[in-house]
Amino acid sequence: MKQKNGFVQIKITNSIAELYIYPPEDEGLPVTVKDVENYLSKEGFLGWNREAIDDAIKSGKATYIILGSVSYPRLSGLLLTVIKDDHMSAVSRAYPPSDASNAFTVDDIMDALKADGVTYGIDKDKVQEFVKNPVYMTDIEFATGKKVRQGHDAKIEYYFNTHPTLKPRENENGTVDYHDLSIINEVRKGDLVAKVIPADRGEAGYDVSGHPITPSPVKLRQLEPGPNIILSEDRMEAYSGVTGHVMLTNGKIFISDVYNIPANVDNSTGDIHYSGNVHIKGNVRGGFQVTAEGDVIVDGVVEDAYIQSGGQIIIGHGLHGNGRGILEAEGNIACKFIESGKIFSKGSVAAESIINSEVQAYENVNVTTKKGLIAGGVIKAGGDVNARYIGTEMGAQTIIESGTNPDKKTEMDQLTKETNDAQSQLDKLMPVLDAYKNLINAGKKLDEKNAEYARKVATAVIDAQNKITNNKPKIDELKELLNSSVNSSVSVSGSIYPGTTIVMSKIIRHIEKVYTHTRFSFQDGEIKANVF
């Protein structure tokens, strides 16, 4: 580094201190009055002539100003260091000694940096270079901190489709082929189904004062053993133990083989209860039950029967519910038509038509095929309701509720109450626990009765703290889910008729005229219609 900036130097001759002011070279910067005043103040000189200094700087020539008599023969060099706001950089400015006998040494620089709180990340090569070729009144970054390296959470990589969608293939005549949904994840025995990508905990950084900067905490993940799952010795890989079907339910891998029923569910079979998937090649007759922990696929018709699934329900033809047919699924429900039935889905519902039925879906209700009709009954969706037609020209009473997820709201209220109760208990118990701690720390021995009570208080405090900690992520997840409901909508690509009632966020809108190609959404406290 070459001296380019202007600088000042105090020289002492026969006990008289003189301030020499040197102009910059090349494209260097001149000294400022403020710089000079700061330097003189640090060296203990008072009462200087500010105008004389200003004139000397403006002259652009090397000149000096007499400061007055001093009692010491020389001055050491001065190093002023500023630690930046983020504490990751230390920038120094050096001022020259009064004569060459007091030139800066490496130890001088190191001691000055340490005195200013700089202990880490010092560039010793830069210090040595400065000592060999000092450059004054120029910013020099002698130290830089080490940036923290953030890590990342562990994650599980799945080797199957974890988000099967209800997008059936539509035929040229407008009908939908529910036999070709591509939602079954076939797996062979020995197939790799999941693998843990380990967490990276990151690497700590340090600021120039030597304070550690810890990376953000990361979340660890592990594979859980389950039916038909084989884990590797290090529990980092999961393999299928059977040939069958794999799916992800509530964050857990579920593998099962499929129970095939070649004909109808009727008097010849009785009720069906199975821990895996069920594939019924015929119909499900009225009065019978089918329950499965996996998916239920019915190629034919479901009458006034009861089907409950821990996965998805796919009905190839449709539901003739006669007011008693019920379909309940933890996942999606796809049915060619739904007539006089009750549908409960924790995923989405898709059909060609829904007539006089009660439908509840945590996510969307899609009736968007060529027929695409919702007429009569009550439709409740946590997400969007999409149809070609809603209601009828004859004014069939049809209620559509969008953004409704009562189970999640109840769960949210319950968790919030539990958390508030735990916090209230914590507020009452902590002073008691602290009082016992103070007695113990003071060397006082508790009698048996107080010792037992202190243990009970400590246990209650831990329980309350655990409840608050465990509930928080669940509450945050539910808040995000419930808040997203305001973005839900009701859309018709064809027409919506009078007799239909739309409900969003407790706001009710009665349809009093025919709307076509319209999307209804909750805006500014009301349900608005927008043509698309």
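A nonpolar core is a set of buried Ala, Val, Leu, Ile, Met, Phe, Trp, Tyr and Cys residues joined through side-chain atoms within 4.5 Å. The model on screen is a predicted one.

**First stop: the cores.** Select Ile-307 and Val-365, the residues with the most contacts inside the largest nonpolar core, which has 46 residues. Next, colour strand E28, residues 349–361; with five residues, E28 gives the most to this core. Return to Ile-307 and show its neighbours: beyond four places away in sequence, Ile-307 touches residues including Val-284, Val-298, Ile-315, Leu-327 and Glu-328. Another core, of 39 residues, lies apart from the largest one; select Val-31, Ile-57, Ala-94 and Val-127, which are among its members. In soluble globular proteins, nonpolar side chains tend to be buried together.

**Second stop: helix H1.** Select residues 33–42, which form helix H1, and pick out the buried Val-33, Asp-35, Val-36, Tyr-39 and Leu-40. These residues sit on the same side of H1, because they cover an arc of only 160° around the axis. Turn to the other side of H1, where Lys-34 and Lys-42 are exposed. To see what covers the buried residues of H1, show strand E1 (7–13), strand E2 (16–22) and helix H2 (50–59), among others. Just after H1, select Gly-44, which has a positive phi of about 90°.

**Last stop: the surface.** Select Ile-16, Tyr-64 and Ile-66, which make a nonpolar surface patch of about 280 Å². Ile-66 belongs to strand E3, residues 63–69. Is Ile-66 buried or exposed? Ile-66 counts as exposed because its relative accessible area is 54%, and exposed means over 50%.

Terms used
Residues are numbered from 1 along each chain as its sequence is written. This is a predicted model: local features need pLDDT of at least 70, side-chain atom pairs count only at pLDDT 80 or more; totals for chains, interfaces and linings use all residues. Side-chain values use heavy atoms; hydrogens and water are left out. Patches are made of residues with over 30% relative accessible area and no salt bridge: like charges are joined within 9 Å, nonpolar side chains (Val, Leu, Ile, Met, Phe, Trp, Tyr) within 5 Å. Accessible areas come from the Shrake-Rupley method with a 1.4 Å probe; for residues, only the protein chains shown count as cover. A salt bridge is a side-chain nitrogen of Lys or Arg within 4 Å of a carboxyl oxygen of Asp or Glu. Helices (H or I, at least four residues) and strands (E, at least two) are DSSP runs, numbered from the N terminus. Buried means under 20% relative accessible area, exposed over 50%, partly exposed in between (1.4 Å probe, protein chains only). Contact means heavy atoms within 4.5 Å. The arc is that of the directions from the helix axis to the C-beta atoms.
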